[in-house]
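Below is a short note on the annotated positions and the ligand surroundings. Please read it alongside the structure.

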Amino acid sequence: MVKACVCGAAGGIGQPLSLLLKLNPLVTELALYDVVNALGVAADLSHIASPAQVTGYLPPDNGAERALEGSDIVIIPAGVPRKPGMTRDDLFVCINAGICATLAQAIATACPKAFILVISNPVNSTVPVFAEVLKKAGVFDPKKLFGVTHLDIVRASTFVSAVVGKPAEASGYTVPVIGGHAGVTILPLLSQSKPAIPSDILADKEKRDALVYRIQFGGDEVVKAKDGAGSATLSMAQAGAEFAKFVLEAAFGGKSKVVQAYVYLGADSGGAAVQKEIGTELEYFSVPIELGSSGIEKILSLGKLDEYEQGLLGAAVKELGPSIEKGATFQPSPP
Ligand code: NAD
Ligand code: LMR
C-alpha cells in the first residue's frame with residue numbers, strides 16, 4: 001500500500017504528473033492537493049481503471065494536511081513558472097519560497113517520514129527552504145529530501161542523441177548531470193556518458209560548447225517557445241514521474257538504482273567525501289546517489305571529471321553558494 005500526494009496537482013506539470021502516477025502500479029492511493037481545481041482533476045483521473053484510489057483536496061479545513069496525511073511520497077510542482085525574460089531565481093521571492101515553506105510545514109505535521117520530491121523552482125533555493133522548515137520541526141531526514149533535476153538528465157540524453165545519432169543500446173545515452181538546476185549550475189558529465197560519446201565530438205570545442213549550452217539552457221528553449229504561457233510541463237511531468245518511480249521501486253519494490261538528484265550534503269548526510277571532490281563545503285549539490293529502501297542509501301563519487309568539466313565545476317559552485325544561502329536563510333512570514 002503506497003500513498004502518493006501531489007501538491008500543485010491542478011497545474012501544467014501537476015495534471016500530467018498525476019496522470020502518470022495514477023498509472024504507476026505501485027501507487028494504491030493518490031491524493032491531489034491544489035489551491036484550485038484539485039477536485040475536478042481528481043474526479044477526472046478517478047475514472048481510469050488502475051489500482052490507485054484518487055482523492056482531491058482544496059485549502060479549506062486544513063486541506064493540505066488532509067491530503068498529505070500518511071503519505072509515503074510527496075511530489076511538489078506547486079508555484080509559479082517563468083515567463084520570457086525571467087530567471088528561475090525571480091520566482092523565489094515573488095511567491096515560490098513562501099509556498100514551499102507552507103507546504104514543508106504541512107508535511108512536517110502530516111507525513112514527516114515521507115519521501116519529498118521538490119520540483120518547484122528555483123530548485124537550488126527551494127530545497128534548502130524545505131530542509132530548514134523540516135529541521136525546525138525536528139523531522140528533517142536528509143535521506144528523504146530530493147530536488148528533482150531529472151529533467152536535465154532526460155534532456156542530456158535526448159540532445160546527445162540528436163548530435164551523435166542513436167546508440168546501438170535501446171536505452172539510449174545515459175549522461176550523468178550534476179550541480180544544480182539553473183543555467184551554469186547544470187553540469188553535464190559528457191565524458192561519463194554510457195555508451196561513450198565519440199572522442200572527436202568531445203574534442204571539438206565548438207560542438208561540445210553547443211551541446212553543453214543546450215543542456216544548461218534547455219528550460220529557456222521551452223519558455224521562449226511557449227511565449228508567456230509558462231515553462232516545461234509535459235517533459236517535466238514525465239521526468240518527475242520517472243524519478244518518483246525510481247524512488248518507489250527502491251523503497252517498496254526492492255530495486256536499488258543510481259540516479260542524480262539535488263540533495264543535502266551537510267552534517268550526518270554521508271556527503272563529506274563528495275564535498276571534497278567538489279572542492280567546497282556546499283551543503284547542497286546534485287550528485288550521484290544510490291536509492292534504496294530508506295531513500296538515499298549512499299552518496300556516491302562524482303567520478304573522474306575531464307579538464308573541460310573541471311572548468312564548468314568552478315562556475316557552478318560560484319553560482320550555487322548564494323542560491324543555497326538565499327534558501328537557507330529565507331524567513332517565512334508568520335501564518
Ligand atoms: P502552473 O502555474 O501551471 O502550476 C502550478 C500549480 O501550483 C497551480 O495549479 C497552482 O494553483 C498551484 N499552487 C499555487 N500555490 C499553491 C499552494 N500554496 N499550494 C498548492 N498548490 C499551489 O506551473 P507549472 O508549469 O506546473 O510549474 C510549477 C513549478 O515547477 C514552477 O515553479 C516551475 O518553474 C517548476 N518547474 C521545475 C522544473 C524542474 O526541472 N525542477 C521543470 C519545470 C518546471
Ligand atoms: C526547466 O528546466 O524546464 C524548468 O526549470 C522550468 C524553467 O523555468 O526553465
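1. A residue counts as buried if 20 or more other C-beta atoms lie within 10 Å of its own, as exposed if 12 or fewer do, and as partly exposed in between, with C-beta atoms placed from the backbone. Asn 121 is buried because 27 other C-beta atoms lie within 10 Å.

2. This is a predicted model, in which local features need pLDDT of at least 70 and side-chain atom pairs count only at pLDDT 80 or more, while totals for chains, interfaces and linings use all residues. Residues are numbered from 1 along each chain as its sequence is written, and chains are lettered from A and ligands numbered from 1 in the order in which they are written.

3. The unreviewed UniProt entry annotates Arg 82, Arg 88, Asn 121 and Arg 155 as "binding site". Such annotations may be inferred rather than shown by experiment; positions follow the numbering used here and feature names are shortened.

4. Asn 121 sits in the loop between strand S5 (115-118) and helix H5 (123-136). Helices (H or I, at least four residues) and strands (E, at least two) are DSSP runs numbered from the N terminus. Leaving out residues up to four places away in sequence, Asn 121 touches Arg 88, Leu 91, Asn 96 and Thr 126 (contact: C-beta atoms, placed from the backbone, within 7 Å).

5. Arg 155 belongs to helix H6 (residues 150-164). Arg 155 is buried, since 25 other C-beta atoms lie within 10 Å.

6. Ligand 1 is surrounded by 33 residues, and the closest are Gly 8, Gly 11, Gly 12, Ala 78 and Asn 121 (near: C-beta atom, placed from the backbone, within 6 Å).

Key:
Contact = placed C-beta atoms within 7 Å.
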